[in-house]
Amino acid sequence: MSGKATLEYDGKKIELDAAIGSENEVGLDITKLRANTGMITLDPGYGNTGSCTSDITFIDGEKGILRYRGYAIEELAEKSSFMETAYLILYGHLPSQKELNDFDSGVAAEAGLHYSMKSHFDGFPDNAPPMAILSSMLNTLACYNTELLTTATEGDGFDIPASKIISKVRTIAAWAYRTSRGRPYMPPCPNLSYSGNFLHMMFSQPFDLHEIVPEVEKAIDLFLLLHADHEQNCSTSTVRMVGSSRANLFSSVAAGVGALWGPLHGGANAAVIEMLENIHTNGIKLSDYVDAAKDKNSDTKLMGFGHRVYKSFDPRAKILKEHVDRVLKALEIDDPLLDIAKQLEEVARHDEYFIERNLYPNVDFYSGILLRAIGIPVNMFTVLFAIGRMPGWIANWREMLSHNQRICRPRQVYTGENLRPYVPIGNR
Ligand code: ACO
């Protein structure tokens, strides 16, 4: 299928080719618009702008569909693991047993950090936000791997930095947490799974190894898998944008961490818990909270609700909601915040404001309760999101380069002063 659209303005006409995706999404190609007409398009927030074509992830926000490389998120959540899914996202196909073993052992072998990186951790104050540490330390990794600061998209030049980052991001996260608690660095344990090793590096003590509960290990793995990619969101677009200048993978993903940190994006999982704690501690009536969230004059939002793309249930939220119950049961935890979250969801989903605007719970609404039950501190929630999203960022960086994309450089419509003469300071 192909097609054309005609755009007419001020007597100028241009024919636009339509790029049709494999799920029949239509993108009007405006790449020649400025050259042929002098005009640009205006779309602050990029709600209608396709920045690329991509083979990685498909989302149908109206139907609540999410697929990685064509596989439904529900099926991957049930049958796959984070490592297998990371391979799928990076390389485009489900790995054979040998490919998976090689990938797994390649990632496992990279879990350690150069010991002199300890001095960098020591330099951070006790209350340093772990997202700031993570972003800094990903850039620091570049200093220890100068031979890998390339833009290779195939072979060892890509595979080695990709496995290093996927592996070490988890060690950096655990080390950042331990530094903030004044605990010694816990080296990785080669026999453990990706998620088990993370729990070990977070919570083991030198003479008291952390007991890894299988339900918790599974829950962390699932959390990471569900966050592994989400097409052109704010942080992934940041990684692509930075990489488009031909910046290396380390600095591109470090920039992604910065974008993810914000409460409107990955930071929402922590903001949800803060919201639920505020409601719980201060005994706020749920209907009053929802009223405040609807009031455009207040700063209150219903955190964990709404999404730029999903206009129905976020499929990841559905999966997580089921697992939260399972994990709380396995750990014999009764969390009042879960009850508040469920009631809040009920109130909001029957409220005209949320119905009219198609605002549903997103992935962050239940993920915080899951992480809290596992003992992950709130300021580490978004760090876990970053660990999960790493395969998606890396795959998008690679795809962007393999499409030989031009440097990203949006235009603007200038609305400032016209030319005016400089006024000497004494005359102002
Ligand atoms: N609470 C109250 N009102 C909301 C909310 C919310 N959580 N989300 C959207 N709205 C309102 C908007 O104010 C807007 O109202 P209006 O039409 O009267 O002006 C309307 O719903 C439509 O908003 P959208 O255009 O769909 O929102 P946008 O795409 O600009 O932003 C976002 C999406 C940032 C996720 C927003 O819904 C939000 O702030 N949610 C809370 C934060 C959150 O949970 N973020 C995590 C997103 S998922 C992720 O990044 C992993």
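Predicted model: local features only at pLDDT ≥ 70, side-chain atom pairs only at ≥ 80, totals over all residues.

Modeller: Residues are numbered from 1 along each chain as its sequence is written, and side-chain values use heavy atoms, with hydrogens and water left out.

Biologist: Which residues touch the most other members of the largest nonpolar core?

Modeller: In soluble globular proteins, nonpolar side chains tend to be buried together. A nonpolar core is a set of buried Ala, Val, Leu, Ile, Met, Phe, Trp, Tyr and Cys residues joined through side-chain atoms within 4.5 Å. Buried means under 20% relative accessible area, exposed over 50%, and partly exposed in between (1.4 Å probe, protein chains only). Here the largest such core has 114 residues, and L138, M275, I376 and I394 touch the most other members. Helix α18 (residues 381–402) gives the most to this core, with 13 residues; helices (H or I, at least four residues) are DSSP runs numbered from the N terminus.

Biologist: What does I394 touch?

Modeller: Contact means heavy atoms within 4.5 Å. Not counting residues up to four places away in sequence, I394 touches L90, F158, A162, I165, I166, L249 and V253.

Biologist: Which residues of helix α4 are buried, and which are exposed?

Modeller: The buried ones include L100, F103 and V107. They cover an arc of only 70 degrees around the axis, which puts them on the same side of α4; the arc is that of the directions from the helix axis to the C-beta atoms. On the other side of α4, Q97, K98 and A109 are exposed. Among the elements that cover the buried residues of α4 are α3 (82–91), α7 (156–180) and α8 (194–203).

Biologist: Where does S116 lie?

Modeller: S116 is in the loop between α4 and α5 (118–122). S116 counts as partly exposed because its relative accessibility is 32%. A polar contact is a pair of N or O atoms within 3.5 Å; within protein, one must be able to donate a hydrogen and the other to accept it, and residues adjacent in sequence count only if both atoms are side-chain atoms. The side chains of S116 and H114 make such a contact (2.8 Å).

Biologist: Is T382 buried or exposed?

Modeller: T382, in helix α18, is buried because its relative accessible area is 5%. Leaving aside neighbours within four places in sequence, the contacts of T382 include M131, L260 and W261.

Notes: Helix = DSSP H or I, 4+ residues; strand = E, 2+ residues; numbered from the N terminus.
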